[in-house]
Every structure is written in structure tokens, then in C-alpha cells.
Amino acid sequence: MKSIFQGAHAPHDFASLAPIGPILADLKMKRMRILHADVYSDLDVAGNFMPSPPGTWDNLTSQIDWAVQNGLSLHVPLALHMPASFVAYGPGETWPQAIVDRYKSYARQLVRYVVKRAFDGGAASVTFEVSNELDVADETPLHYQDWLAWFAQCGTSCSAVANPVVLGYLPLGPWGRALWWIDPATYDLAYPEIWGTGGYPFPGDPRRLTRNIAPMQKIYCDAVADVLADQPLMSNYPGRTIAVAGPAFAGNSFRSAEDPATRTERPTLEEQFIAQMFDPNAAGGQFNVSALNYVSFHYYGDFRNGWDGPTTSLRYVATRLREKLAAVGRGEVNLFVSEWGPRADETTDINYSHKGAAWAAAFLAEAVASKIALGSYLQYTDAVGQAATGSIAIASLVHKLDGVYHPKPPANVFQMVAMMSGARRPVSGLSESNPDIGAIASSDANSAGVLVFNYNPDFNDTAQDFTVELRRLPFAGREVTIERYLIDARTSNLQAFLALPSHPPPDLQRVERFTAQVDSMGVLTLPPRTLGLGVSFWRVTD
């Protein structure tokens, strides 16, 4: 369970981050995601790798070094942008073989550089990811909405000659077009049909797979495999691990399970990706790879009911992906929710209120039940650059307010889980008629913990009564210390603290501490309590 939240996107204000150290320690964070870190990386004229060509910021090295200096391993998405020296050759799929080979050399050198820099700095692991949300990247050409408005006015009299709106794309190169492998000259920009043969790839368009995502996944999986096979290099790093994930889809393509033209079920982009990576008999099977350890995707919002119903719920999606992996003989490939949070919508309070805490606790339980192996919360802080105050509605672990960092309620949930130790234990006594109440339990020889959450997708703050009974405790007949921590509308809640500073601080608050006797059978019944929308955590120590 801890592995699902022990990674997050890199902070954007390294220079002022000394105060965040204790928060990283409390949450036992293990990984840092460095998205866009390779944006300026390139080859020189002799074909040698440059992490930052002259005149650019060394984004890659600075982020690797900050992570390892803070005891974190690396999670590195790659291939979002075309290196600058390749721009003159146009889109990747038009390159002559010599330029394709040059790019493959770039990929191998980039992977090797990250591995050496991270491991030489003490990182325990590097997880590469190819790439990031390319199922929704470049979803519309530039000025497309203006074009639609123009077309609506002139109707059938429209002609390309008379069109005053010029459709176009972001340029190739750093911070440019995400679908840089695809040659847009082969598409009619003004034709938004995603199921046919025309039109630029819109969200859900399967052509993104064979013409962009799968080729890059193959290149970087091969590059990772080459590094892993380099025994003189890897012998310097005993016990260190390298993994590769992909395709980091945004999740919108989970909705595409039905062809709107025929009303028949069709594979989602994720399922087609699995077939192309692993099934030699599938269309696009030429992309078969051996070094892919995780199928990755992103998830926000209503994980119980999905965005459009049960077929986009987390449990349904995860089960279906695992079934597809097993069907092609790759059941050992795990699932990685490589970006997640209560909601991507930043117009609500969920990411900094007790609503988000309740959601996060329930999501962790659902992710474990769905056999998610690894996860990465959206980001560490909500501040960019040297801003004194961050954008509070972002799904981050901490909020920067006037230069001071405050944990958000989901981070307080993660601290509760970080305080749990030993093995997870079964929970009984929950009512199927009341799915709002859930629980997570663990114990070892010296402690036990029970986390109880009250969550519903509508965020109704209805109080629920509950009693916790612990059985088969390892300290039968002894006196124990009991502590209770709470996140609710008033407690351990950044939103409440900002609304009325007389509220307790937004850090995780202990609300009870007392002693009790465990009976001779190892049973301890805790006092009844009431919980509104939020999370309550009991910790029992010998």
C-alpha cells in the first residue's frame, strides 16, 4: 500500500525546499518523478550525449542530483519532446534510417546517463516511463476552435481558399509538439473523425499507437535492455534496479471500449498497447518488447463509478488490463498508477480539504484491492519557481503559503499509513449496505494500527458511528498505549486552518492518547467513536 503513494512529481522550487525535508521523512517518500527533465537533452555534432547543450538550463542533472541528495530514487518519463538537433529532419516517422539510428543512439546514451548519475549518487532504483499522456497530447490543432466557429458561419460555402483561420501545430523541438513522431502532413486537420482514416489524431485515436507511442516505447525499452545487459556497468551497482513503464495514458481512452459507428466493443488504447507490445500475432506486433515491467496509466476522480460508469472504475480497468496481460503470457507485468490524485479539476476544494483525505484513504484501499503495484501522487508542492505562495487547488502533498509549507489532508492520510508497520491484516464487520465506511489494518510484534475512513463519491458529510475491535494481538494480557489521529472538517485540515487560523494546525493531529488492557485472548475493544467525512487512525503500541 505504501508503494502507491511514495512517489510524486518533482518540486519546482528547489532553492527554498529545506523545510520540506521533515515531510519527506514523515511520509517515507522513496521516489521523485522528473517530468520534462530531458527537454533540453541532445547530441552534439559528433553524436555524444549532452544533458544540457550550451545556453540551456541543465534540467536533467539538477533534478537527478536534488532527488538523490534527498534520499529519493528516480521516476523518469522520457520522449515527450524532440531534441533540438533533430528538428531539421522533420517528424520522426519521415526520418531516413541513419537519423532513426542516431535517435536510438541518443536514447541509449540518455538512459545510460540517468542510470549512472542516479546510482553514483546513491539512488536505489530508476524507473523510466515512456512517455506521458500521449493519448491526449496535441489533441487539437492550433486555432481549431476558431476554425470551427468560422466553419459554422459559412457552412457549405466554406473553402480552403476562403478560410481566414490557419490551422497548425506546435513546433517541433523542446516544449513543442508532443506527437512529434507523427507526420501531420498525412492528415486533414479540419476533419475531426477519429475512427476513420482522415483527421489529425484526436483523443482515443488508435493511430497514436502504431505511429507514435509504440515506436518510442520500443526504442526506449531496447535502450533499457541494453543498459541492463551491460555487465561491466551494472556490476558497479549491486542490488540496484532499473525498470521501464509505459504508456502513461491519461485514462480518457478507457472510455473508448465501444466503436460509435458499429456499437460493438473494441479494445481500449491500453489494451491495444498491450497487444502491440507483447502479442506477435497482433496488428502492430512488430513492437514486441521484453523490458517493459509496468503498464502505466493515470487516474483522478470517482474510482468507484468511473467517469462514464462502471467500465471506467479503477477496479474494472485494472482487472481488464491484467486479464489482457495474462492472455499474452505476460502476467508478471505489473500495473503502475504513475500519476494520481483526488481530482484534476482545480476549481474545487477537494485537493486541500478533508474531502480529499477521505478520497485518498478509500483510493488506497481500492488500489490494493485492484492489485496496483506502484503509484505516484501528482506532485510534492504546489509552488512554482520562487513563488512565495502556491496554487492551492493542485493535487500536491504540501501547500506553500508565504514561504511556509503546510501538509494537505491527503498527505496526512499518507502519514497515517506510513506509521503502520508489519503486515496487512484482514478486516471484518464492514457492512455491504454502508459502503461509505472502510478500514485498513496492520500489525507486527510491537504495534497494531487500524485506519477507518468515511467516504462517498458525493462527499456527503454524514456522521457514522463505529467501534474497532482488534483480535489476536501479539501482546495478550498486557497494558498497551493507544493513540488516535483524526482528519475531518475541523482537524488536520488545511482548508479549515486557512478559513479560521484558530483551528488546530493543518499537520496531522493526535486527538487521543490513553492506556488499556489487552485481554488474555489478545482482544482489545476500543471506545465507540463517530466519524464524519474523513479518516480516523488508531495506533496501538506495547
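This report describes a predicted model of a protein, from its overall dimensions down to single residues and bonds.

## Overall form

The protein has 542 residues, and its radius of gyration of 25 Å agrees with the value near 24 Å that a compact globule of that length would have. Along the principal axes, the C-alpha atoms fill a box of roughly 80 × 60 × 50 Å. The secondary structure consists of eleven helices and 24 strands.

Of the contacts between residues at least 6 apart in sequence, 71% join residues that are at least 24 apart. Buried residues account for 57% of the 542 residues.

## Surface and charge

The protein exposes about 21,800 Å², and 52% of this area is supplied by carbon and sulfur atoms.

Helix H2, which spans residues 59–69, is mostly covered, with nine of its eleven residues buried. The buried set includes Leu 60, Ile 64, Trp 66, Ala 67 and Val 68, and also Asn 59, Thr 61, Gln 63 and Asp 65. In an α-helix, residues three or four places apart point the same way, because there are 3.6 residues a turn.

Just after H2, Gly 71 takes a positive phi of about 75°.

## Ser 396 in strand E13

Ser 396 belongs to strand E13, which covers residues 396–401. Its relative accessible area is 0%, so Ser 396 counts as buried, the cut-off being under 20%. The side chain of Ser 396 reaches the backbone oxygen of Val 398 at a distance of 2.9 Å.

When its neighbours within four places in sequence are left aside, Ser 396 is in contact with Tyr 377, Gln 379, Tyr 380, Thr 381, Asp 382 and Lys 408.

## Cis peptide bonds

Most peptide bonds are trans. In this model, the bond from Val 130 to Ser 131 is cis, with omega near 5°, and Ser 131 is placed in the loop between strand E6 (125–130) and helix H4 (144–154). The bond from Gly 246 to Pro 247 is also cis, with omega near 5°, but here Pro 247 is found within a strand, namely E7 (residues 241–249).

Most residues other than glycine have a negative phi. Trp 175 has a phi near 60°, a positive value in a residue other than glycine, and its place is in the loop between H4 and helix H5 (207–228). With a relative accessibility of 45%, Trp 175 lies between the cut-offs of 20% and 50% and therefore counts as partly exposed.

Phe 459 likewise has a positive phi near 60°, and its place is in the loop between strand E17 (447–454) and strand E18 (464–466). Because its relative accessibility is 14%, which is under the 20% cut-off, Phe 459 counts as buried, whereas Trp 175 is partly exposed.

Note on methods: Residues are numbered from 1 along each chain as its sequence is written. This is a predicted model: local features need pLDDT of at least 70, side-chain atom pairs count only at pLDDT 80 or more; totals for chains, interfaces and linings use all residues. Side-chain values use heavy atoms; hydrogens and water are left out. Helices (H or I, at least four residues) and strands (E, at least two) are DSSP runs, numbered from the N terminus. Buried means under 20% relative accessible area, exposed over 50%, partly exposed in between (1.4 Å probe, protein chains only). A polar contact is a pair of N or O atoms within 3.5 Å; within protein, one must be able to donate a hydrogen and the other to accept it, and residues adjacent in sequence count only if both atoms are side-chain atoms. Contact means heavy atoms within 4.5 Å. The radius of gyration is taken over C-alpha atoms; the globule rule is 2.2 Å times the number of residues to the power 0.38. Accessible areas come from the Shrake-Rupley method with a 1.4 Å probe; for residues, only the protein chains shown count as cover.
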